[in-house]
Amino acid sequence: MDPFKKLKHMKTLLVDDDGLIRDSLSMAFLSRGCTIKAVESAEKGIEVLQKERFDIIVSDFKLPGMNGMEFFEKAGLSQAGSVNVLISGNVQEEDLEGKKALGIDEFLEKPFTVMTLAGMLAGLIDDRENVSSTIN
């Protein structure tokens, strides 16, 4: 199944200081009919989150200013319930300690393909829907 079918009804925020990653993921999502907003810093991401609600938040770990973990800590206050993925090409296991407590659902190591990310996001959404249907 095409994971983008699941993502079409979701609003995604991407936070990454690498313009190539922002542009390529944005083009891939937009070309498949998905809604995505891409920003270059955690601080800009926090500004956007104060004005808009997102279903999915993807952030790089290494960012200028605050890192991705600090970003998710601040974002969690306003975006409870979002699917949250941390991405990085250079992170140590000890850097990821406490990620679940910050609301980070998954970690994806760079480099990755668009389909790998989309598949992971669709799977996390399915998991949430399954949990929610068993509770009701």
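**Reading the contacts and the fold**

Mentor: Take Lys 37, which is in contact with Thr 12, Leu 13, Leu 14, Val 48, Glu 52 and Phe 54, leaving aside its neighbours within four places in sequence. Contact here means heavy atoms within 4.5 Å. This is a predicted model, in which local features need pLDDT of at least 70 and side-chain atom pairs count only at pLDDT 80 or more, while totals for chains, interfaces and linings use all residues. Residues are numbered from 1 along each chain as its sequence is written, and side-chain values use heavy atoms, with hydrogens and water left out.

Trainee: Which residues does Thr 12 contact, leaving aside its neighbours within four places in sequence?

Mentor: Thr 12 is in contact with Phe 29, Thr 35, Ile 36, Lys 37, Phe 54 and Ile 56 on that basis. Thr 12 is found in strand E1, residues 11-15, and counts as buried at 2% relative accessibility. Four of the five residues of E1 are buried, so this strand is largely enclosed by the rest of the structure.

Trainee: How do I read strand pairing, and which strands does E1 join?

Mentor: Two strands pair if DSSP finds at least two bridges between them. Five bridges join E1 to E2 (residues 35-39), and the two run parallel; in this pairing Val 15 stands opposite Val 39. Four bridges join E1 to E3 (residues 56-60), also parallel, with Leu 14 opposite Val 58. E3 is in turn joined by five bridges to E4 (residues 83-88), again running parallel, and the bridge partner of Ser 59 in E4 is Leu 86.

Trainee: What does burial look like on the two faces of E3?

Mentor: In a regular strand the side chains alternate between the two faces of the sheet. Both faces of E3 are covered: Ile 56, Val 58 and Asp 60 are buried on one side, Ile 57 and Ser 59 on the other. Five of the five residues of E3 are buried, so the strand is largely enclosed by the rest of the structure.

Trainee: What handedness does the unit of E1, H2 and E2 have?

Mentor: A crossover is right-handed if, with the strands pointing away from the viewer, the path from the first strand over the helix to the second runs clockwise. E1, H2 and E2 make a right-handed β-α-β unit. Within H2 lies Ser 26, which counts as buried at 13% relative accessibility. Not counting residues up to four places away in sequence, Ser 26 touches Ile 36 and Ala 38.

Trainee: How many aromatic pairs are there?

Mentor: Rings of Phe, Tyr and Trp (its six-membered ring) pair if their centres lie within 6.5 Å; planes under 30 degrees apart count as stacked, over 60 as edge-to-face and the rest as tilted. The structure holds two aromatic pairs. In one of them, the rings of Phe 4 and Phe 29 have their centres 5.3 Å apart and their planes at 85 degrees, so the pair is edge-to-face. Phe 4 lies in helix H1 (residues 3-7) and Phe 29 in helix H2 (residues 19-31), so the pair ties together parts that are 25 residues apart in sequence. Phe 4 is buried, with a relative accessible area of 1%, and Phe 29 is buried, with a relative accessible area of 1%.

Trainee: Which residues of H4 are buried, and what do they pack against?

Mentor: An α-helix has 3.6 residues a turn, so residues three or four places apart point the same way. In H4 (residues 68-75), Gly 68, Met 69, Phe 71, Phe 72 and Ala 75 are buried. They cover an arc of only 160 degrees around the axis, taken from the directions from the helix axis to the C-beta atoms, which puts them on the same side of H4. The buried residues of H4 pack against E1, helix H3 (42-51), E3 and E4.

Notes:
Buried < 20%, exposed > 50% of the residue type's maximum accessible area, 1.4 Å probe, protein only.
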